[in-house]
Amino acid sequence: MKAISGIKPTGRITLGNYLGSLKHFKEYQNKYTPYIFVADIHALTLPIDPNEIRERTYDLLSYYLASGLDINKTVLFKQSDILEVGQLNSIIINFIYMGELSRMTQFKQKSALLNQEAIGVGLFTYPVLMAADLYLYDCDVCPVGEDQVQHVELAREIERRFNKRYQTNILKTPKAIVSKTGSRIKSLSDPTKKMSKSDDEHSKGVIYMDDDLNVVRKKIMSAVTDMDSKVFYDPINKPGISNLMEIYACLKNISIEQVDDLFKQCARYGDFKKEVADCLISEMQVLQERFKYYRNNKKYLDEIFEKNAGIARKSAQTILNKVEKVVGLK
Ligand code: ATP
Ligand code: MG
């Protein structure tokens, strides 16, 4: 059994990325062979400095390793090393409708911030390229944050249409797996909004995994909450406190109900926030040290990309070859 997931090298990794995806990857290593990639082609869907992509690509691989991914169990690779993904994208793009793509939440949110006359087509067709990634490694599951589930479902629609047209079962969409806690971390300054790495860098609402640990404490202590003082889970009326509870549950690997129990006697939000900050800082400290170790060894990182490109490409070629035959290109 295989698992697939990726992160874009588009900015500093956030606590949302960490709790929603990165932290869980290593759990899959014993049950599945994970294919985890740096989604560098996807990074081009909004204007980005070339050096930013290059540097963030090394950052991401270092985070993958720092979070406990083992190169003997996991295939860590770069999306752009697999040329087959572009070819498959060009074929399957004919099996999705413009109406479907225009209804994607991510497209609506990201395009709303742009000049309406200058919305890149790549931003629009982002889920198609993602579908190509999902098919090429013959994977069974796909661990993602909640925001990506819609895209996985769209891939399933492409699969259904394609397989029906050609009476085949070549395309296979892995099942989206969303962790119970951590899959929808919100901004600390606006807890109704998703925490994203493309948010304003100076926002107090985003915790970056490379933030100075004193800054992390300040951000948690000044997280927006309600006027009440009771700690309990109620995402509608208490989005700020519920978000912090979710962060704590995920860090401690316990359920929201257990967090409820632990803090129901807590009389002050400040005490609860301090607990969250302590817990987060101790986890981040270890991650940051391990990150530094890998990030300083570019040669080792290059070797990993090179070796794994070969492994990933083998699977990609097999699937693409079948697709090209069935549609008449071969
Ligand atoms: P961008 O703003 O550039 O889209 P992002 O923070 O959304 O950045 P991605 O590279 O798009 O990051 O996503 C990487 C992974 O992180 C995906 O699995 C996504 O679902 C997950 N993820 C992103 N934001 C959150 C969040 N706030 N909570 C939980 N998971 C998240
Ligand atoms: Mg995103």
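Strand β2 (residues 33–38), helix α2 (residues 50–66) and strand β3 (residues 75–78) form a right-handed β-α-β unit in this predicted model. Right-handed here means that, with the strands pointing away from the viewer, the path from the first strand over the helix to the second runs clockwise. Helices (H or I, at least four residues) and strands (E, at least two) are DSSP runs, numbered from the N terminus. Look next at how β2 and β3 meet: they run parallel and are joined by four bridges, with Phe37 standing opposite Phe77 in β3. Strands count as paired if DSSP finds at least two bridges between them.

On to the other partner of β2. Strand β1 (residues 2–7) pairs with β2 in the parallel sense over six bridges, and Ile4 stands opposite Tyr35 in β2. Between β1 and β2 the chain passes through helix α1 (residues 15–28), and this β-α-β crossover is also right-handed.

Now follow the chain to helices α10 (residues 239–252) and α11 (residues 256–263), which pack at an angle of about 110° with their axes 9 Å apart. That makes α10 roughly perpendicular to α11, the term for angles of 65 to 115 degrees. On the α10 side, the contact (heavy atoms within 4.5 Å) involves Met245, Glu246, Tyr248 and Ala249, while α11 brings Ile256, Val259, Asp260, Leu262 and Phe263.

Stepping back, the protein has 13 helices and five strands. Its C-alpha atoms fill a box of roughly 70 × 45 × 40 Å along the principal axes.

A word on conventions: residues are numbered from 1 along each chain as its sequence is written, and chains are lettered from A and ligands numbered from 1 in the order in which they are written. Local features need pLDDT of at least 70, side-chain atom pairs count only at pLDDT 80 or more, and totals for chains, interfaces and linings use all residues, while side-chain values use heavy atoms, leaving out hydrogens and water.

How values were computed
Axes fitted to C-alpha atoms, helices over the stretch in contact; angles between N-to-C directions. Parallel < 35°, antiparallel > 145°, perpendicular 65-115°, else oblique.
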